[in-house]
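Hi,

Here is the structure I promised to pass on. Have a look at it first, and then read my notes below.

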Amino acid sequence: MLAAEPAASLLSEEVRRSGILSQVMKLSQPDKVALIAYLKRGMETEEPFKTDEFGRIKLTKEMRDAAMKAERDYEDGKCLTEADFKERFAKWL
């Protein structure tokens with residue numbers, strides 16, 4: 001797929017091949033403005049992971065709780081498939 005937008009060259013190959021740019025181009029102007037505002041809000045609230053002196057990511061309370069729940073599930077015999085793992089931890093991967 002070739003994108004007509006000059007900014008398309010800044011996008012990753014994966015995004016260019018996904019067809020999402022052509023879908024966005026079909027949106028009305030108010031929808032595009034709303035989408036950009038939504039994306040900006042998400043980027044402003046996203047915090048980069050905090051790391052320790054060795055560069056390891058420090059777990060937040062939410063991350064620790066999710067990891068502990070996954071350990072309990074494993075101990076209870078509930079094994080996660082790769083898809084289950086990705087779904088559960090998607091926001092941190």
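Let's start with helix α4, which has 15 residues and reaches 21 Å from its first C-alpha to its last, close to the 21 Å expected at 1.5 Å a residue. (That expected span is 1.5 Å times one less than the number of residues, and helices here are DSSP runs of H or I with at least four residues, numbered from the N terminus.)

Before you go on, note that this is a predicted model, where local features need pLDDT of at least 70, side-chain atom pairs count only at pLDDT 80 or more, and totals for chains, interfaces and linings use all residues. Residues are numbered from 1 along each chain as its sequence is written, and side-chain values use heavy atoms, with hydrogens and water left out.

Back to α4. Which of its residues are buried? They are Met 63, Ala 66, Ala 70 and Asp 73. (Buried means under 20% relative accessible area, exposed over 50%, and partly exposed in between, using a 1.4 Å probe and protein chains only.) Looking down the axis of α4, you'd see the buried residues fall within an arc of 90°, so they line one face of the helix; the arc is taken from the directions from the helix axis to the C-beta atoms. Here's the background: an α-helix has 3.6 residues a turn, so residues three or four places apart point the same way. On the face turned away from the buried side, α4 carries the exposed residues Lys 61, Glu 71 and Glu 75. After α4 comes Gly 77, with a positive phi near 90°.

Now the salt bridges (a side-chain nitrogen of Lys or Arg within 4 Å of a carboxyl oxygen of Asp or Glu). The count is four. One of them is in α4: Lys 61 and Asp 65 pair up at 2.9 Å, N to O, and they are four residues apart, about one helical turn. Lys 61 is exposed at 56%, while Asp 65 is partly exposed at 36%.

Another joins Glu 13 and Arg 17 at 2.6 Å, also four residues apart, in helix α1 (residues 13-18). Glu 13 is partly exposed at 39% and Arg 17 is exposed at 67%.

Finally, take a look at Asp 52, in the loop between α3 (29-45) and α4. Asp 52 is buried, at 18%, and its side chain forms a salt bridge with Arg 56 at 2.8 Å. Arg 56 itself is partly exposed, at 49%.

Cheers

Note on methods:
Helices (H or I, at least four residues) and strands (E, at least two) are DSSP runs, numbered from the N terminus.
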